[in-house]
Amino acid sequence: MYQVVRKLFFTECRCAEESSKTYEELFAKLDTNKDGKVDVSELKAGLAAMGIQTGKAAAQKIVSSGDQNNDDGLDFSEFSKYLKEHEKKLRLTFKSLDKNNDGRIDFTEIQHSLADLGMDITKEEAEKILQSIDVDGTMTVDWNEWREHFLFNPATNLQDIIRYWKHSTVLDIGDSLAIPDEFTEEEKTTGLWWKQLSAGAMAGAVSRTGTAPLDRMKVFMQVHSSKSNKISLAGGFKQMLKEGGAMSLWRGNGINVLKIAPETAIKFMAYEQYKKLLSSEPGKVKTHERFMAGSLAGATAQTAIYPMEVMKTRLTLRKTGQYSGMFDCAKKILKKEGVRAFYKGYIPNILGIIPYAGIDLAVYESLKNFWLANYAKDTANPGVLVLLGCGTISSTCGQLASYPLALIRTRMQAQASIEGSEQLPMNLMVKKILEKEGFFGLYRGILPNFMKVIPAVSISYVVYEYMRSGLGIQK
């Protein structure tokens with residue numbers, strides 16, 4: 001069977017008649033129930049018999065891509081057409097990667113291709129990817145090896161492999177301090193970038209709404225909880241329900257969702273501009289330059305939408321009847337406290353971007369490298385669970401590092417709305433918390449914050465996938 005595949009796909013010169021005959025031979029072997037079509041289970045079992053391991057999702061993708069009459073299977077004409085088209089795409093990809101046109105891809109060409117997509121990897125990591133494709137052990141990949149590896153893999157190019165590991169910000173855990181997503185030139189020119197951003201914004205909106213009660217509890221504990229006034233999760237929820245009913249658990253969620261769109265748009269546009277300003281070579285951005293551009297873009301977006309952050313805190317903590325809505329809240333803050341009130345807590349908020357983004361990126365890169373070094377045997381695709389796990393752990397570590405600054409920011413935003421509260425600057429507030437409550441006083445509300453991470457990640461991922469398919473974004 002394996003010889004049939006080699007004969008079919010890896011003989012450079014073959015006439016159309018021989019090709020058609022061998023297509024028929026392979027099709028006949030895969031069509032085990034002889035119904036004139038190859039379905040997902042037959043394709044998966046047939047490829048496994050040839051020593052080509054594919055997941056059910058990959059087999060499904062091959063069938064879906066070639067199935068023109070929507071009968072959940074490939075007849076002979078669909079089967080042969082799919083393979084011919086797929087091979088054409090693979091040939092174009094191979095040529096684009098083969099920078100020096102010597103008919104072979106080496107590790108430096110893989111490194112350059114990844115760098116063009118905004119992902120710097122070491123020589124060892126590039127060799128690891130190369131080894132998963134290289135059959136003859138020459139540490140280079142020729143056209144036959146490339147085709148043999150990818151022919152029954154729905155990924156048509158190296159960009160698909162890289163996108164597995166692109167640290168996506170789609171996992172919305174309520175904080176918008178991560179470095180923005182990287183888009184290729186192709187994604188920018190085809191308009192795919194705005195679809196990706198729209199899908200991410202919708203995922204963030206649903207995720208934040210789903211976890212809003214835990215977010216309100218976190219803010220409540222950050223501001224009101226202390227050694228003398230201990231608030232438990234159950235006690236806090238009971239207090240909220242008693243004061244404002246079930247709907248009060250979603251206070252502040254409207255503006256929290258509303259600020260996603262402007263923040264995402266400003267961050268994306270600022271990131272592209274900062275990358276151009278900071279890159280030492282035009283068109284190529286190194287890791288540290290990307291980190292600096294991302295942090296500056298985050299600071300720019302936060303500066304522009306910060307009044308909404310202050311209003312979100314005030315609306316989250318409001319008592320029944322205190323504000324009739326967002327505009328009423330803005331009007332009352334402006335009248336009572338002036339314009340400066342809309343930037344209370346701004347400094348700790350901006351300072352929080354560096355530890356959050358830096359640790360998030362460093363932990364993600366470490367986890368990615370660990371997986372590639374230890375588990376990347378036959379494929380560079382880690383699978384959904386590994387990616388979600390890496391993204392969740394890195395974001396959580398980023399939050400843990402920047403949490404004291406987030407707590408200070410929230411208290412400063414809320415100060416004027418709490419009766420009898422002192423209006424303290426950042427340094428004196430830190431000093432007061434450490435004196436009265438000790439180091440752990442800076443981590444009030446961390447429990448509900450961590451409790452919302454897994455549901456937030458799960459909801460945002462599921463919604464994002466639905467949105468991608470609805471907007472016609474190919475995986």
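I take axes as lines fitted to C-alpha atoms, for helices over the stretch in contact, with angles running from 0 to 180 degrees between N-to-C directions. With that convention I looked up α16 and α20, which pack at an angle of about 75° with their axes 9 Å apart.

**Entry 1: basis of the model**

I worked on a predicted model, in which local features need pLDDT of at least 70 and side-chain atom pairs count only at pLDDT 80 or more, while totals for chains, interfaces and linings use all residues. Residues are numbered from 1 along each chain as its sequence is written, and side-chain values use heavy atoms, with hydrogens and water left out.

**Entry 2: the chain as a whole**

I noted 23 helices and two strands in the protein chain. Helices (H or I, at least four residues) and strands (E, at least two) are DSSP runs, numbered from the N terminus. Of the 475 residues, 47% are buried; I use buried for under 20% relative accessible area, exposed for over 50% and partly exposed for values in between, with a 1.4 Å probe and protein chains only. The protein chain exposes about 23,100 Å², of which carbon and sulfur atoms supply 60%. These areas come from the Shrake-Rupley method with a 1.4 Å probe, and for residues only the protein chains shown count as cover.

I then looked up contacts, meaning heavy atoms within 4.5 Å. Among contacts with a separation of 6 or more, 69% are between residues 24 or more positions apart.

**Entry 3: α16 against α20**

I returned to the pair from the opening. α16 and α20 are roughly perpendicular to each other, because their angle is about 75° and the class covers 65 to 115 degrees; under 35 counts as roughly parallel, over 145 as roughly antiparallel and the rest as oblique. The contact is made by Y306, E309, V310, T313, R314 and L317 of α16 and by R409, T410, Q413 and A414 of α20. I sorted these residues into four nonpolar, three polar and three charged. In this sorting Ala, Val, Leu, Ile, Met, Phe, Trp, Tyr, Cys and Pro count as nonpolar, Asp, Glu, Lys and Arg as charged, and the others, Gly among them, as polar.

**Entry 4: α16 against α19**

The axes of α16 (residues 287-317) and α19 (residues 353-374) come within 10 Å and cross at roughly 140°. I therefore recorded α16 and α19 as oblique to each other. α16 passes α19 in a right-handed crossing; a crossing is right-handed if the near helix is turned clockwise from the far one by less than a right angle, and left-handed if anticlockwise. The contact is made by F291, S295, G298, A299 and Q302 of α16 and by I353, I354, A357, G358 and L361 of α19. By class, this contact of α16 with α19 has six nonpolar, four polar and no charged residues.

**Entry 5: N349**

Which residues does N349 touch, not counting those up to four places away in sequence? I found Q302, Y306 and R409. N349 itself lies in helix α18 (residues 346-351). It counts as buried because its relative accessibility is 3%. Of its partners, Q302 also belongs to the contact of α16 with α19, and Y306 and R409 belong to the contact of α16 with α20.

**Entry 6: α11 against α15**

I looked up helix α11 (residues 192-210) and helix α15 (residues 260-278), which pack at an angle of about 145° with their axes 10 Å apart. Their crossing is right-handed. The contact is made by W193, L197, A201, G204, A205 and R208 of α11 and by I260, T264 and F268 of α15. I counted the residues of this contact as six nonpolar, two polar and one charged.

**Entry 7: L400**

L400 is in helix α20 (residues 384-414). With a relative accessible area of 38%, L400 is partly exposed. Leaving aside neighbours within four places in sequence, I found L400 in contact with Y443, I446 and F450.

Is K34 buried or exposed? K34 is exposed, because its relative accessible area is 59%. K34 is in the loop between α2 (16-30) and α3 (40-49), and I noted a positive phi of about 50° although K34 is not a glycine. K29 is in helix α2 and is partly exposed at 43% relative accessible area. K29 and G46 are 17 residues apart in sequence and 7.6 Å apart in space, C-alpha to C-alpha.
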